[in-house]
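Subject: Two-chain model, handover and notes

Hello,

Here is the structure I said I would pass on. My notes on it follow below.

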Amino acid sequence: MEAILQRLHSGPSPKIGAELVASVKLSEKELDLQLVRRVQGGDKKAFELLFSKYQRRVNRLVSRFVRSDEEVEDIVQDSFIKAYRALPAFRGDSAFYTWLYRIAVNTAKNYLVSSSRRPHAISDYGSTDEDGFREDELVSHMNTPESELITREIAETVNSTMSDLPDDLREAITLREIEGLSYEEIAEVMGCPIGTVRSRIFRAREAISEKIKPMLDVGEGKRW
Amino acid sequence: MVSKEKISSLVDGESGEEFDQLLDEIHASEHCREAWYSYNLIGDVLNKTGVAGASLDRFRRSLDAEPTVIAPRVRVKKRDSWNPFVRIAASISFVGVLGWYVFSDLSPLDVSVAWKNPELTSRQIALESAYDEAIADYLAAHNQVAPRAAGPGMIPEILEESRGN
């Protein structure tokens, strides 16, 4: 993976950087906005897809305010329901996640106020970085030791399967998921057609997905 | 059934025009929803977002209990293709042309000719001046020979004949 990143940063395309990553984010924003428009048109299931997509990010965010797993779960659920109720007012001026982020932060703060408690680590959410990450959060906040074990296993399996992937698949999915490049940019970096990029990313995901599937089938019920 | 490769592209926002059709198929198929969930999960693990999430079952129950929200359709005001500056410029131009027409001796035809060919117009104005002088001479001569009674021209004679009848 290091080699891939090194190649990317010293690669043939000097324009790859913040400007291009911004274009990828725009694409993600558009995708979310299309889902939001569906929800605003009365399609509840489209909101489940947004929940499925963002629940882990919101979970991690809320876990900076409260430590109890049950409380985190409650606040995450509440945040999404509040977001759903407020969705008719969402105009799409900001990214959906930015909007959801504010709702989740306010929900968590209100929860702390109503329970007359201070957040466990003020400095954690004082940061403007929406996606600041602590390693110890990766495998936390599931309800039982069993599910915590499964969570840990999932993370380890994803990472180990990544290491076992053929180079071209690993490079494609790394450029997409970690570097945030679009298919067009990945095609340029890897020197192959966009269709090949699409196929490689899919095959990489499928290979990982097959490995983690048995772990997803157990636990607190269906996840999708 | 929709191919999982298309769902993979959708997760990346690279699905293109088939968005609505893809979503309908994801709604209809548990395998597709599983793929959507897994692919997003893999991304979150690789991005170190984490694995822990909330229960979709519980969320689904809560969501089902909610009344369906429907956003009012935003009526997009049809934008006038004439921007304000163009409108102001057009108004000034119109007033200018109108003023020129009203306060000048030139006919609209002259105006358009003058617009297109100023040289021709100055020659035309000179010819018209000469023509006006000739007319003035003719009228002066006519007045000298015309009867001095009630009116100029043929009208006095016509009146005389009508009295005779």
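What percentage of the 165 residues in chain B do buried residues make up? The figure is 21%, where a residue is buried if 20 or more other C-beta atoms lie within 10 Å of its own, exposed if 12 or fewer, and partly exposed in between, with C-beta atoms placed from the backbone. In chain A, buried residues make up 36% of the 224 residues.

Before the rest, some conventions. The model is predicted, so local features need pLDDT of at least 70 and side-chain atom pairs count only at pLDDT 80 or more, while totals for chains, interfaces and linings use all residues. Residues are numbered from 1 along each chain as its sequence is written, and chains are lettered from A and ligands numbered from 1 in the order in which they are written.

The two chains

Chain A has ten helices and zero strands, and chain B has eight helices and zero strands. Helices (H or I, at least four residues) and strands (E, at least two) are DSSP runs numbered from the N terminus. Two residues are in contact if their C-beta atoms, placed from the backbone, lie within 7 Å. Among contacts in chain A between residues at least 6 apart in sequence, those joining residues at least 24 apart come to 67%. For chain B, 28% of the contacts with a separation of 6 or more are between residues 24 or more positions apart.

Where the chains meet

The interface puts 62 residues of chain A in contact with 44 residues of chain B. On the chain A side, the elements that give two or more residues are helix 2 (18–40), helix 3 (44–62), helix 4 (69–86), helix 7 (145–164), helix 8 (167–177) and helix 10 (194–216). Helix 3 of chain A supplies the largest share of that side, 14 residues. By class, the side of chain A that touches chain B has 26 nonpolar, 15 polar and 21 charged residues. Here Ala, Val, Leu, Ile, Met, Phe, Trp, Tyr, Cys and Pro count as nonpolar, Asp, Glu, Lys and Arg as charged, and the others, Gly among them, as polar.

Helix 3 of chain A

Helix 3 of chain A packs against helix 4 (residues 56–65) of chain B at an angle of about 150 degrees, with the axes 11 Å apart. Axes are lines fitted to C-alpha atoms, for helices over the stretch in contact, and angles run from 0 to 180 degrees between N-to-C directions. The two helices are therefore roughly antiparallel to each other; angles under 35 degrees count as roughly parallel, over 145 as roughly antiparallel, 65 to 115 as roughly perpendicular and the rest as oblique. Lys44(A), Phe47(A), Glu48(A), Phe51(A) and Ser52(A) of helix 3 of chain A make this contact with Leu56(B), Phe59(B), Arg60(B) and Leu63(B) of helix 4 of chain B. These residues divide into five nonpolar, one polar and three charged.

Within chain A, the axes of helix 3 and helix 5 (residues 96–114) come within 10 Å and cross at roughly 45 degrees. Helix 3 and helix 5 of chain A are therefore oblique to each other. Leu50(A), Tyr54(A), Arg57(A), Val58(A), Leu61(A) and Val62(A) in helix 3 meet residues of helix 5 including Phe96(A), Tyr97(A) and Leu100(A). The contact of helix 3 with helix 5 of chain A divides into eleven nonpolar residues, no polar and one charged.

A nonpolar core is a set of buried Ala, Val, Leu, Ile, Met, Phe, Trp, Tyr and Cys residues joined through C-beta atoms within 7 Å. The largest one has 65 residues, of which Val62(A), Ala172(A) and Trp36(B) touch the most other members. Helix 3 of chain A gives the most to this core, with nine residues.

Nine of the eleven residues of helix 8 of chain A are buried, so this helix is largely enclosed by the rest of the structure. Among them are Leu169(A), Ala172(A) and Ile173(A), as well as Arg170(A) and Glu171(A).

Two loop residues

Arg91(A) lies in the loop between helix 4 and helix 5 of chain A. With 12 C-beta neighbours inside 10 Å, Arg91(A) counts as exposed. Arg91(A) and Arg37(A) are 54 residues apart in sequence and 9.3 Å apart in space, C-alpha to C-alpha.

Lys48(B) is in the loop between helix 3 (30–46) and helix 4 of chain B. Lys48(B) has a positive phi of about 65 degrees although it is not a glycine. Lys48(B) is partly exposed, with 15 other C-beta atoms within 10 Å.

Regards
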